[in-house]
Amino acid sequence: MMENKAVFKEFATEFRGEMILPEDDQYDAARQLWNGLYDRYPAGVARCESPQEVIAAVNFARENDVMVAVKGGGHDYAGNSVCNDGLVIDLSPMHKVEVDEHQKTARVEGGATVGQFDAKAQKYGLATTTGTASNIGIGGLALGGGSGYLSRRFGMTIDNVLSVDIVTAEGNLVKANESENEDLFWAVRGGGGNFGIVTAFKFKLHEVGPEVLSFQAYFPYEDSGLVLQFYREFMRKAPDELSCYAFFLKVPPVEPFPPEYHGKTTCAFIACHSGNPEKGRAELQSLKTFGNPFLSFIQPMEYTAIQKSFDAGMPKGLRWFTRAHYLDKLSDTAIETLIKNTELLPGPFTVAYLEPMGGEVNRVDLAATAFPHRDAAYSLHIFPGWDDPSKDGENIKWAKEFSRAMQIEATGGVYVNLLSQDEKERVKAAYGENYDRLARVKRKWDPDNFFSMNHNIVPEG
């Protein structure tokens, strides 16, 4: 360990960026993740401001046989952005976003967050599919797939990537797109951070906003069965411009929620219509008039605001665990299982929700990108969130039992960005029939498995 410490100290004197070591005042902040369940102690954190600094960090780690973790937004559920005793390559200083309003494209550095990207693109009335919290890092989101309010209309985040600049395990900066390094370009769109460090993305943008229609409705929990049956039929006919999530969550103890529902579980609709407002109001009408919600509203909202609407419920430093499934339909049995497992949500920030697929997500050919779940109708996300370490056991147990109960109704696939640290056996399920092709690309670009933290694909051979 002393030898390792000396090597890091020597590198710190040579590194042009900011190298943070355990004895430095900034160390605890630099190693902190969004998910407080993981408390890891790297030997150093290299905060990079340029591709050249990323290359220097990669070369140092490879030459000294040092484990590497790559941190962008640090928002991953599995804690892969920080490792013990190794080197964290922190891209967060690389957050520049450059928009070409005429070509409707954006160049986004690998450390940018959803909020930073959205804010710059919306200055020109443009956007592309990103996540539903502003502090999510674009890098991890895009490499794994990327979904949000615009998925059904414009496809997943990966469907809007035009090109990437990527530092390979050999320390080379290469470009990958449809005409250069095509195999690598295919793999990084859904294959996760297994193939290199993306220092910049080029995205296709679309006209969105600046205002969209937001709709939310909160129902008494005892109405959940009828709510989900209605939701199932509604989403079958919903236009691509409309994305509606079905949530189970605890009612926040704040206005305008009625006091008698505070802290109770509710089944809720949270929807966004990104198209023509008049058409949107008409297409949201059946949602608006359904059932007996104790609170509902439809209103215009700035796109950047709706993208931040989940931020308060996902603060940094809480403890999070995850389980996820894809569903090809929402059967009566699936609805019963969802209701049975959500009446008593264990943690104060715990949620479980259905994210609709469909639309442009399902129209993209399975072979076009590494993301294999193009036929799914819904993605189910099970997220216990809590702050008391003594409650770890009960929250994790709830998620695992809920997940097991849903398996019979699920496709067997899982979204790679929602894999937990204890789910190594599900890695192949995350990539499905694309796994073998990904393993071949891995063999070519990273045969020694240098990038091994992010639910790694094993090189073929």
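Before the first selection, one cut-off is needed: a residue is called buried when its relative accessible area is under 20%, exposed when that value is over 50%, and partly exposed in between. Keep in mind throughout that this is a predicted model.

**First stop: a buried arginine**

Select Arg 232, which lies in helix H8. Is Arg 232 buried or exposed? Its relative accessible area is 14%, and because that is under 20%, Arg 232 counts as buried. If you now display what surrounds the side chain and leave aside residues up to four places away in sequence, you will find that Arg 232 touches Leu 330, Ser 331, Asp 332, Ile 335 and Tyr 378.

**Second stop: the sheet of seven strands**

Next, colour the strands of the open sheet whose order is S15-S12-S14-S13-S18-S19-S17, a sheet of seven strands with antiparallel pairing. At its edges you will see strand S15 (295–302) and strand S17 (323–327), each of which pairs on one side only. As you look from one strand to the next, the twist averages 15°.

Move on to the open sheet of four strands, where the order is S1-S2-S4-S3 and the pairing is mixed. Strand S1 (18–20) and S3 stand at the edges with a single partner strand each, so one side of each has no neighbour in the sheet. From one strand to the next, the twist here averages 20°. Select S2 together with strand S4 (residues 87–90), and you have a pair that runs in the parallel sense over four bridges, in which Gly 44 has Leu 87 in S4 as its bridge partner. As a reminder for both sheets, strands pair through backbone hydrogen bonds, either parallel or antiparallel. If you then show H3, you will see that it lies across S2, S3 and S4, running at about 165° to S4.

Select Trp 34, which is found in the loop between helix H2 (27–31) and strand S2 (44–47). With a relative accessible area of 3%, Trp 34 is buried. Not counting residues up to four places away in sequence, its contacts include Gly 74, His 75, Asp 76 and Tyr 77, as well as Asn 135, Met 314, Pro 315 and Trp 320.

Which residue other than glycine has a positive phi near 55°? Select Asp 65 to see this angle, in the loop between helix H3 (51–63) and strand S3 (68–71); at 73% relative accessibility, Asp 65 counts as exposed. Then go to Asn 181, which has a positive phi of about 50° although it is not a glycine, and which sits in the loop between strand S9 (173–177) and helix H7 (182–188). At 27% relative accessibility, Asn 181 counts as partly exposed.

Two peptide bonds are also worth a selection. Gly 209 and Pro 210 are joined by a cis peptide bond, with omega about 10°, and Pro 210 is in the loop between strand S11 (206–207) and strand S12 (211–220). The bond from Glu 255 to Pro 256 is cis with omega near 10°, and Pro 256 lies in the loop between strand S13 (242–250) and strand S14 (265–273).

**Last stop: the cavity**

How many cavities of 30 Å³ or more are there? The count comes to one, and the largest cavity has a volume of about 40 Å³. To outline it, select Ser 147, Ser 151, Met 156, Tyr 326, Glu 355, Met 357, Val 361, Phe 371, Ser 379 and Tyr 415, which line the largest cavity. This lining divides into six nonpolar residues, three polar and one charged.

Technical notes:
Residues are numbered from 1 along each chain as its sequence is written. This is a predicted model: local features need pLDDT of at least 70, side-chain atom pairs count only at pLDDT 80 or more; totals for chains, interfaces and linings use all residues. Side-chain values use heavy atoms; hydrogens and water are left out. Helices (H or I, at least four residues) and strands (E, at least two) are DSSP runs, numbered from the N terminus. Buried means under 20% relative accessible area, exposed over 50%, partly exposed in between (1.4 Å probe, protein chains only). Two strands pair if DSSP finds at least two bridges between them. Axes are lines fitted to C-alpha atoms, for helices over the stretch in contact, and angles run from 0 to 180 degrees between N-to-C directions. On a 1 Å grid over the protein atoms alone, a cavity is a set of points where a 1.4 Å probe fits but cannot get out, and a pocket is an open set with protein on both sides within 12 Å along at least five of seven lines; lining residues have an atom within 4 Å of a point. Grid points are joined across faces, edges and corners, and a volume is the space filled by probe spheres set on the points. Ala, Val, Leu, Ile, Met, Phe, Trp, Tyr, Cys and Pro count as nonpolar, Asp, Glu, Lys and Arg as charged, and the others, Gly among them, as polar. Contact means heavy atoms within 4.5 Å.
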